[in-house]
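Please look over the structure below before reading on.

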Amino acid sequence: MAARKGRRRTCETTEPMEADSHDAGSEGPAQVYLPGRGPPLREGEELVMDEEAYVLYHRAQTGAPCLSFDIVRDHLGDNRTEFPLTLYLCAGTQAESAQSNRLMMLRMHNLHGTKPPPSEGSDEEEEEDEEDEEERKPQLELAMVPHYGGINRVRVSWLGEEPVAGVWSEKGQVEVFALRRLLQVVDDPQALAIFLRDEQARMKPIFTFAGHMGEGFALDWSPRVPGRLLTGDCQKNIHLWTPTDGGSWHVDQRPFVGHTRSVEDLQWSPTEDTVFASCSADASIRIWDTRAAPSKACMLTTAAAHDGDANVIHWSRREPFLLSGGDDGALKVWDLRQFKSGSPVATFKQHVAPVTSVEWHPQDSGVFAASGADNQVTQWDLAVERDPESGGAETDPGLADLPQQLLFVHQGETDLKELHWHPQCPGVLVSTALSGFTVFRTISV
């Protein structure tokens, strides 16, 4: 729940919570703020985070903002729910000058859960709280590699025991970087100091493809065939990369043709080695099969998937569903068994600006998250139906017309670009924005 106060934007949730609310000089009841619904924030008002709605909440900044990042799977185990958490991110900057950019490995650790509200106690308890606060401070280690040109997208994959990052550069090339050394040094302060002093300037990509005729954003590693990669550019072309013996790649120079404008996103099928999906600024979503010649590989098309650019897609690992988000602010769920019909099985309209990222929850098949240029992160559950006999959110007229499946609205970021669920820490979301990185888990998921 959000309260309106002062001048700072933080976070809001559709969960009904108690909160105080006032603007510059007046007291009043708690009000929920949702973009596009109800009055806008007035001068002197701010949004106040309801901390009881979060199990985990941390923010981090890395200097220049990062347009894209990926979570690096680690060896710390699956289904990690105990605090403090440790996680690894690989990210790329969008700095003001081309030579100021970096490819980065981040190790965030000592991430504790949110604390219950303090109770009034003795001086001794206060001292203990201060010591506790010191021990609970989150930590960030950073290893950086110079990169000429802003980084449009980063995607990480493991080739056996070797972690690699595919990197789309605004300079029009796609590079592959080996990440093993970066992962080693963020775990070891001494090694990190040596790396920063002696090694970072010498790190180069292990492979570069300059055959795209301009920059692009779309990039996806196959979850089924290690090293197989797809890249799509703003000139409407998609290229297939096949790993070769000796740690290199063969990139097919014949592009997959079908889109008429920029290819915005690519997703391999999680169940079929040769099938992938694409979406484009031409508003379409297409399904392809690489067994056919690139000029004939498009098998299915929904020409008007969105009213405007189709920006992002994500293929469910658990159901035959594709999720998409567009410039129209709509989120759509497509059943691939009915894709020929051209109609989604569900459409949700909560975002009031272009959708910038979508992703299915890695364990819970009906749950997904989305981010938008309206600075909202939304969490959804297809399985939810509101109980008409219950009170709760429906007693607030501002919430009565919200989609039943909307679980949570998180705000407080500026210019949100991308989000990912952590595959090994259930319910943990990480987002990147102009305002930096946020790591959080809500009480809803």
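Arg-80 has a relative accessible area of 12% in this predicted model, and because the limit for a buried residue is under 20%, Arg-80 counts as buried. Its salt-bridge partner is Asp-74, with the closest N and O atoms 2.8 Å apart, and Asp-74 is likewise buried, at a relative accessible area of 13%.

**Salt bridges**

- The count of salt bridges comes to 18, and one of them joins Lys-115 to Glu-133 at 3.4 Å, N to O.
- Because Lys-115 sits in the loop between strand 8 and helix 1 (123-135), while Glu-133 belongs to helix 1, this pair ties together parts that are 18 residues apart in sequence.
- Lys-115 is partly exposed, with 32% relative accessibility, and Glu-133 is also partly exposed, with 43%.
- Glu-134 and Lys-137 meet through their side chains in a salt bridge of 3.5 Å, N to O, and Lys-137 counts as partly exposed at 42% relative accessibility.
- A network of salt bridges links Arg-107, Glu-141 and Asp-187.

**Nonpolar cores**

- The largest nonpolar core is made of 22 residues, and those with the most contacts inside it are Cys-90, Leu-103, Met-105 and Leu-182.
- Among the elements that give two or more residues to this core are strand 7 (85-93), strand 8 (102-111), helix 2 (180-185) and helix 3 (189-199).
- A second, separate core has 19 residues, including Phe-321, Trp-360, Ala-370 and Val-409.

**Cysteines**

- Which residues does Cys-90 touch, not counting residues up to four places away in sequence? Among them are Phe-69, Asp-70, Leu-103, Met-105, Val-154 and Leu-179.
- Cys-90 has 0% relative accessibility and therefore counts as buried, and Cys-279 is buried as well, with a relative accessible area of 1%.
- The structure holds zero disulfides, and for Cys-90 the nearest cysteine sulfur, which belongs to Cys-66, is 9.6 Å away.

**Aromatic rings**

- The count of aromatic pairs comes to 18, and one of these pairs, formed by Trp-221 and Trp-249, is tilted, with 6.2 Å from centre to centre and 55° between the planes.
- This pair links distant parts of the chain, with Trp-221 in strand 14 (residues 216-221) and Trp-249 in strand 17 (residues 248-251), 28 residues apart.

Notes
Residues numbered from 1 in each chain as written. Predicted model: local features only at pLDDT ≥ 70, side-chain atom pairs only at ≥ 80, totals over all residues. Heavy atoms only, no water. Phe/Tyr/Trp six-rings, centres within 6.5 Å; stacked < 30°, edge-to-face > 60°. Helix = DSSP H or I, 4+ residues; strand = E, 2+ residues; numbered from the N terminus. Core = buried A, V, L, I, M, F, W, Y, C linked by side-chain atoms within 4.5 Å. Buried < 20%, exposed > 50% of the residue type's maximum accessible area, 1.4 Å probe, protein only. Contact = heavy atoms within 4.5 Å. Disulfide = S-S within 2.5 Å. Salt bridge = Lys/Arg side-chain N within 4 Å of Asp/Glu carboxyl O.
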